[in-house]
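Have the structure open while you read.

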Amino acid sequence: MFSAASLLFVPGSRPDRFAKAKAGGADLTVIDLEDAVAAEDKASARDVALGQMAQDKNAWAIRINPVPTAAGIRDLAVLVDTDTLPDVLLVPMVESAAELNVIVGVLGDRCPALLPLVETPKGLRHALEIASHDAVTAMMFGGGDFSGELGVELAWGPLLAARQQFILACAEAKKPAVDVPFIKLDDEAGLADECAKARAIGFAAKAAIHPRQLGVIKTAFAPSEAEVTEAREALAAYAAGGERAIRFNGRMLEAPFIKRYRAVIARHEEQTNA
């Protein structure tokens, strides 16, 4: 089960940054073979990433190149022959579940949990189909490419409608949703604001592109002490009331609201025991 609240990308072509990235404390540290790596460096980055995996499998995830591309095909060809695969494989630019079937078909029973990135209008149109695939552990909204497709700024307002559609697909498929990185590295207040907005509409996690973003992200997506206390009190009151609709803190408390309180406690326990 996917429980990460923070993801950090590090270019596969920059092994000198691996240690710093890992020390940042992200819930999931991703060696990127796609956007962060120049075409001429992809083969060497792939070799470095798999070498790192062999040393410490549990510490890393890998983002491969898009399946319908030559680079993506080469990634899969090498992965099928490698002894050590990551627990999570990020798959960019996914536009149909058929692309995921290719990965599962190639890697078979050894296939890692897949985390597709929806980065185009076509991918968004098929987001429910993609999220519902059995191999998918979570989904990520790829706002960078999406903003390019729309010709708009990578900002909250222009992409809100797309984010909301993405969240609905993830919710129906019961898969956690990961939000796009915040690209303004020196704007901590802006990052905190976007994290709060993302969590408010249903995102479970946010990706980062620099270790110094991780503290803000983790704080934003972790239930606060006040939230945990309220959830525990609400669950206790609901149980004491025979699990019927009751008045709690001046509000009606009934089954639909209990789901959220249970989710708060589950999230708290996951992060406490991580």
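## Salt bridges, inside and out

Lys206 and Glu194 join through their side chains in a salt bridge, with N and O 2.8 Å apart. This is a predicted model, by the way. The pair ties together distant parts of the chain, with Lys206 in strand E8 (residues 205-208) and Glu194 in helix H9, 12 residues apart. Buried or exposed, what are these two charged residues? Lys206 is buried, at 0% relative accessibility, and Glu194 is buried too, with a relative accessible area of 8%. They also belong to a network of salt bridges that links Arg163, Asp179, Glu194 and Lys206.

The structure has 10 salt bridges.

| Pair | N to O distance |
|---|---|
| Arg14 and Asp16 | 2.7 Å |
| Lys197 and Asp193 | 3.1 Å |

Arg14 counts as partly exposed at 31% relative accessibility, while Asp16, at 54%, counts as exposed. Lys197 and Asp193 sit four residues apart in helix H9 (residues 188-200), so about one helical turn separates them. Both are partly exposed: Lys197 has a relative accessibility of 33% and Asp193 one of 39%.

## Nonpolar residues

In soluble globular proteins, nonpolar side chains tend to be buried together. Here the largest nonpolar core has 59 residues, and Ile103, Met139 and Phe166 touch the most other members. Helix H8 (residues 156-173) supplies the largest share of this core, eight residues. Apart from it there is another core, of 16 residues, including Phe9, Val30, Ala138 and Ala205.

Back to Ile103: what does it contact, leaving aside neighbours within four places in sequence? Its contacts are Ile64, Val67, Leu76, Leu89, Val91, Gly108, Cys111 and Leu114.

Some nonpolar residues are found on the surface instead: Val80, Val102 and Val106 form a patch there, with about 190 Å² of accessible area together. Val80 lies in the loop between helix H3 (70-79) and strand E4 (88-91), and at 34% relative accessibility Val80 counts as partly exposed.

Notes: Residues are numbered from 1 along each chain as its sequence is written. This is a predicted model: local features need pLDDT of at least 70, side-chain atom pairs count only at pLDDT 80 or more; totals for chains, interfaces and linings use all residues. Side-chain values use heavy atoms; hydrogens and water are left out. A nonpolar core is a set of buried Ala, Val, Leu, Ile, Met, Phe, Trp, Tyr and Cys residues joined through side-chain atoms within 4.5 Å. Buried means under 20% relative accessible area, exposed over 50%, partly exposed in between (1.4 Å probe, protein chains only). Helices (H or I, at least four residues) and strands (E, at least two) are DSSP runs, numbered from the N terminus. Contact means heavy atoms within 4.5 Å. Patches are made of residues with over 30% relative accessible area and no salt bridge: like charges are joined within 9 Å, nonpolar side chains (Val, Leu, Ile, Met, Phe, Trp, Tyr) within 5 Å. Accessible areas come from the Shrake-Rupley method with a 1.4 Å probe; for residues, only the protein chains shown count as cover. A salt bridge is a side-chain nitrogen of Lys or Arg within 4 Å of a carboxyl oxygen of Asp or Glu.
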